[in-house]
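Let's take a walk through this structure together. Have the sequence and the 3D view open side by side as you read.

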Amino acid sequence: MRSLFLFLLSFLSAVCGIQGASDFRICSFNMQHFGDSKSKKSNVMQTLVKIISRCDVCLLQEVRDSKHTALPALMAQLNSYDTNNHYDVVASERLGRSDSYQEQYVFVYRTNTVTVTGQYQYPDDRSGDVDAFAREPFIVRFKAPKTAIKEFVLIPQHTAPANATKELDALYDVLQVMKRKWRTENVMLLGDFNADCSYLAKKNRGKVRLITDQNLYWLISDDIDTTVRSSTSCAYDRIVVHGEKFYQQVVPSSAKPFDFQAAYQLTEEQALEVSDHYPVEVLMKATASRVSFNLLLILLAFIFTCS
Ligand SMILES: *[C@@H]1O[C@H](CO)[C@@H](O)[C@H](O)[C@H]1NC(C)=O
């Protein structure tokens, strides 16, 4: 009986391992000034490609590719590095209040696991007090048939540090607009929110609707460090899920920063050449059928041990 149990247990963990591999990873990465000069450093590009190839969908921020060469180079290297998948890209225009400083929101995604079913550039109203954002969110809707949730909307945001509190609160309005516009509850907000340390004072958090609304789940908590520098510890980069239904389809405790310095055995100096931020990531559960198959196996193992 005992050996049968052990056999079942190993079988079970193998099956769970397979399921783990097919979980769907969503990432967000502030690449810190990604453009021409970074794209010419081959060691940096190799690390970036390794990081992005872990994700089914990866939101890139601080893409400052004014010559329009760095992103195509990154995509070419990514597709030749990971030949098991194919990657495509959907990107915003260059956004920013001044012509001299602009960034793009870029979503890199695997065409074999996900398709883009909609995109919407939130309008930039410069006419006065309604102009909340330095970089208005570029919102994308995805369909991912192998996930339990099937379809979801990503609202990206890289806040201007000095206005982080105001921009985060305004993001709540964007959420309401998108829920109505696309008639969906499955919305995730993610990015470098600058949501910690000196940019988001503790005393102001109670005024931010994105924080106080009980229907929003902040998956990266305040005590997490998303910065590379060992001298700093701030939870700037966040993932927020809207609604109980979407939250239930997140793999529990899977949201975390990806410490690429440790994973790829880099020195702090080498890691900082890549970015001063860690990417943050979360896993979405795979389709329900496989999950219930696992449940059945757990049940079987349980019956065998108890009999
Ligand atoms: C912060 O917000 C104010 C008011 O909307 C705006 O004038 C200013 O340019 C913003 N700062 C940055 C860095 O975007």
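Which residues do ring pairs link into a cluster? The members are Phe24, Phe107, Tyr109, Phe138, Phe142, Phe152 and Phe246. Please keep in mind throughout that this is a predicted model.

Now turn to another ring pair, Tyr199 and Tyr236. Their centres are 5.7 Å apart and their planes are at 40°, so this pair counts as tilted; the edge-to-face label needs an angle over 60 degrees. Here, too, distant parts of the chain are linked: Tyr199 is in the loop between E9 and helix H6 (209–212), while Tyr236 is in the loop between strand E10 (216–218) and E11, 37 residues apart. How exposed is each ring's residue? Tyr199 is partly exposed, with 33% relative accessibility. Tyr236 has a relative accessible area of 14% and is buried, because the cut-off for buried is under 20%.

Strand E9 covers residues 187–192, and six of its six residues are buried. What does E9 pair with? Strand E8 (residues 151–156) runs parallel to E9, and four bridges join the two. Within this pairing, Leu154 has Met188 in E9 as its bridge partner. E8 and E9 also belong, with helix H5 (residues 164–181), to a right-handed β-α-β unit. Strand E11 (residues 237–242) pairs with E9 as well, in the antiparallel sense and over five bridges. There, Leu189 finds its bridge partner in Val240 of E11.

Lys181 lies over the face of Tyr120, 4.3 Å from the ring centre. Elsewhere in your view, find Arg54: its charged end sits over the ring of Phe258, at 3.6 Å from the centre.

Notes: Residues numbered from 1 in each chain as written. Predicted model: local features only at pLDDT ≥ 70, side-chain atom pairs only at ≥ 80, totals over all residues. Heavy atoms only, no water. Buried < 20%, exposed > 50% of the residue type's maximum accessible area, 1.4 Å probe, protein only. Pairing = 2+ DSSP bridges. Right-handed = clockwise from strand over helix to strand, strands pointing away. Phe/Tyr/Trp six-rings, centres within 6.5 Å; stacked < 30°, edge-to-face > 60°. Lys NZ or Arg CZ within 6 Å of the ring centre and 35° of its normal.
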